[in-house]
Amino acid sequence: MEFHEKLRQLRLQKGLTQEALAQSLFVSRTAISKWESGRGCPSIDSIKQISAFFNVSIDTLLTEEGETLLPKKNRPWERYVMGLTDLSAALALLLPLFRVKTAAGVQAVSLLGLSEAAGYLQIAFWAVGVWSSLAGILHLTLPWDRWPFWQRNRRRLSLLTSAAGVMLFVISTQPYAALYLFVGLLVKVFFLMKKP
């Protein structure tokens with residue numbers, strides 16, 4: 001159970017409204033609402049007050065089986081970096097990233113012009129492009145705080161999608177497309193490694 005769920009459960013067990021708890025902790029009702037929805041994080045002083053008020057240890061409030069349950073700081077730029085990087089996979093439809101052998105030699109074509117590849121490869125290429133584009137749209141539009149599954153797994157899904165695309169293009173000997181997605185993957189990793 002995460003911190004915001006524990007706080008809500010403790011409040012309800014005492015039969016308190018958010019307003020009543022806010023008055024007891026000397027904070028606003030909005031602060032309690034943010035803490036319980038997981039959109040905000042209480043200060044250390046507030047955590048101490050919550051611990052004392054409900055007579056539970058800080059460790060009980062903040063950890064579960066060795067994991068810290070406080071939400072990570074919101075990094076608004078992350079949403080745009082991840083979303084735009086995923087969405088850029090749609091450019092594969094227009095950019096000449098796929099190589100085909102012709103009588104004149106090797107030629108670069110867009111995914112729309114790739115008719116010589118095996119049917120299963122074309123389906124896989126389209127699946128990567130469509131899924132990456134969909135992930136980008138979700139990153140840019142989905143309200144994170146209302147979808148707990150998406151909030152917990154959005155980074156992982158985005159990175160796995162890019163890595164799977166890179167592997168697919170490497171295995172199918174499409175170096176330009178693989179390099180294109182690999183650069184996007186590096187951008188994501190770089191921005192996720194930056195400290196907030």
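Trainee: Which helices are included in what covers the buried residues of α4?

Mentor: In this predicted model, the cover over the buried residues of α4 includes α1 (3-13), α2 (18-25), α3 (29-37) and α5 (58-62).

Trainee: Which residues of helix α4 are the buried ones?

Mentor: A residue is called buried when its relative accessible area is under 20%. In α4, which spans residues 44-54, this applies to Ser46, Ile47, Ile50, Ser51 and Phe54. Seen down the axis of α4, these buried residues fall within an arc of 140°, so they line one face of the helix.

Trainee: Which residues are exposed on the other side of α4?

Mentor: Exposed is the term for a relative accessible area over 50%. On that other side of α4, Ile44, Asp45 and Ala52 are exposed.

Trainee: What follows α4?

Mentor: The residue after α4 is Asn55, and its phi is positive, near 60°.

Trainee: How many helices and strands does the chain have?

Mentor: The chain has 9 helices and 4 strands. Along the sequence, their order is α-α-α-α-α-β-β-α-β-β-α-α-α.

Trainee: What percentage of the residues of the chain count as buried?

Mentor: The chain has 196 residues, and 38% of them count as buried. Its accessible surface comes to about 11,800 Å², with 63% of that belonging to carbon and sulfur atoms.

Trainee: What share of the contacts with a separation of 6 or more comes from residues 24 or more positions apart?

Mentor: Among the contacts in the chain with a separation of 6 or more, 58% are between residues 24 or more positions apart.

Definitions and conventions
Residues are numbered from 1 along each chain as its sequence is written. This is a predicted model: local features need pLDDT of at least 70, side-chain atom pairs count only at pLDDT 80 or more; totals for chains, interfaces and linings use all residues. Side-chain values use heavy atoms; hydrogens and water are left out. Buried means under 20% relative accessible area, exposed over 50%, partly exposed in between (1.4 Å probe, protein chains only). Helices (H or I, at least four residues) and strands (E, at least two) are DSSP runs, numbered from the N terminus. The arc is that of the directions from the helix axis to the C-beta atoms. Contact means heavy atoms within 4.5 Å. Accessible areas come from the Shrake-Rupley method with a 1.4 Å probe; for residues, only the protein chains shown count as cover.
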